[in-house]
Amino acid sequence: MFFAAGMEMDDQDAWKGWLAAVTRMLASLGPAERHAWKLTADRVRSHKERLSELTAAPGAAALCSACRGACCAGGKHHLTPLDLLVSLAAGNPPFTPRFHDLPCPYLDRSGCRMAPEFRPFPCLSFVCEAIDGRFSTAQQALIQQAEAELREIYRELAAVHGEWLTRGLFLAPVSPLPSRLFPSGGSHERCP
Ligand code: SF4
Ligand code: SF4
């Protein structure tokens, strides 16, 4: 729960606020901005896919299934506006998180509701001890390299568009979201 413009918002309200703001921002893009954003979103998505493939150790799925997602506790704060933008830009339908009865609101009985290439960065880079032991030294080096590359993309985008883009959705009010991701003429319009 957080406070925005003097109002207390619950998680569901905050989620709806972000969905509306991100959808509005994507709809506001002109052709050139849309193309630029598509390239950015594709870049983020392909790096996430690469990292998720590298961290999918043999037998890991069975381990995770038996463990029932212990590392997903706290996942609520992993998703960022950037992750949401990349997912919605790819045409993924929005879903309704469950905030009260599961370790992560993006989890359901069959696992994470997001495909690996759309999951938050911490979810893709985290490797628990049980799984880490299954990687060779060479595989660990590849994972570290892929993680560093994705981290650098997040850092670059935050430097250009603002820190809000790569912070947890629920750690900041919706109000800092610019109405356009690529403002023209240096304008930095804000949502009302
Ligand atoms: S990565 Fe480790 S802690 Fe997380 S679900 Fe799999 S086995 Fe469990
Ligand atoms: S977003 Fe998905 S992978 Fe990440 S913590 Fe939540 S359920 Fe787990």
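Trainee: Is Arg43 buried, partly exposed or exposed, and at what relative accessibility?

Mentor: The model is a predicted one. Buried would require under 20% relative accessible area, and exposed over 50%. Arg43 has a relative accessibility of 38%, so Arg43 counts as partly exposed.

Trainee: With which residue does Arg43 form a salt bridge?

Mentor: Side chains of opposite charge can pair when their charged atoms come close. For Arg43, the closest N and O atoms of the pair are 3.4 Å apart. Arg43 belongs to helix H2 (residues 31-54), and the other member of the pair lies 113 residues away in helix H7 (residues 137-161). That salt-bridge partner is Glu156.

Trainee: How many residues apart in helix H7 are Arg155 and Glu152?

Mentor: Arg155 and Glu152 form a salt bridge, with their closest N and O atoms 2.7 Å apart. Arg155 is partly exposed at 47% relative accessibility, and Glu152 is partly exposed at 33%. Both residues lie in helix H7, about one turn of the helix from each other, which is a spacing of three residues.

Trainee: Are Lys76 and Asp11 buried or exposed?

Mentor: The side chains of Lys76 and Asp11 meet in a salt bridge, at 3.0 Å from N to O. The pair links distant parts of the chain, 65 residues apart: Lys76 is in the loop between helix H3 (60-67) and helix H4 (81-89), and Asp11 is in helix H1 (residues 11-27). A residue under 20% relative accessible area is classed as buried. Lys76 and Asp11 are both buried.

Trainee: How many salt bridges are there by this rule?

Mentor: The salt bridges include Lys76 with Asp11, Glu156 with Arg43 and Arg155 with Glu152. The count by this rule comes to eight.

Trainee: Which element gives the most residues to the largest nonpolar core?

Mentor: This core has 42 residues, of which Trp15, Trp37, Leu84, Tyr106 and Leu169 touch the most other members. The elements giving two or more residues to the core are H1, H2, H4, helix H5 (121-125) and H7. The most, seven residues, come from H1.

Trainee: Leaving aside neighbours within four places in sequence, which residues are in contact with Leu169?

Mentor: Leu169 is among the core residues that touch the most other members. With sequence neighbours within four places set aside, the contacts of Leu169 are Trp15, Trp18, Leu79, Thr80, Pro81, Leu84 and Tyr106.

Methods: Residues are numbered from 1 along each chain as its sequence is written. Chains are lettered from A and ligands numbered from 1 in the order in which they are written. This is a predicted model: local features need pLDDT of at least 70, side-chain atom pairs count only at pLDDT 80 or more; totals for chains, interfaces and linings use all residues. Side-chain values use heavy atoms; hydrogens and water are left out. A salt bridge is a side-chain nitrogen of Lys or Arg within 4 Å of a carboxyl oxygen of Asp or Glu. Helices (H or I, at least four residues) and strands (E, at least two) are DSSP runs, numbered from the N terminus. Buried means under 20% relative accessible area, exposed over 50%, partly exposed in between (1.4 Å probe, protein chains only). A nonpolar core is a set of buried Ala, Val, Leu, Ile, Met, Phe, Trp, Tyr and Cys residues joined through side-chain atoms within 4.5 Å. Contact means heavy atoms within 4.5 Å.
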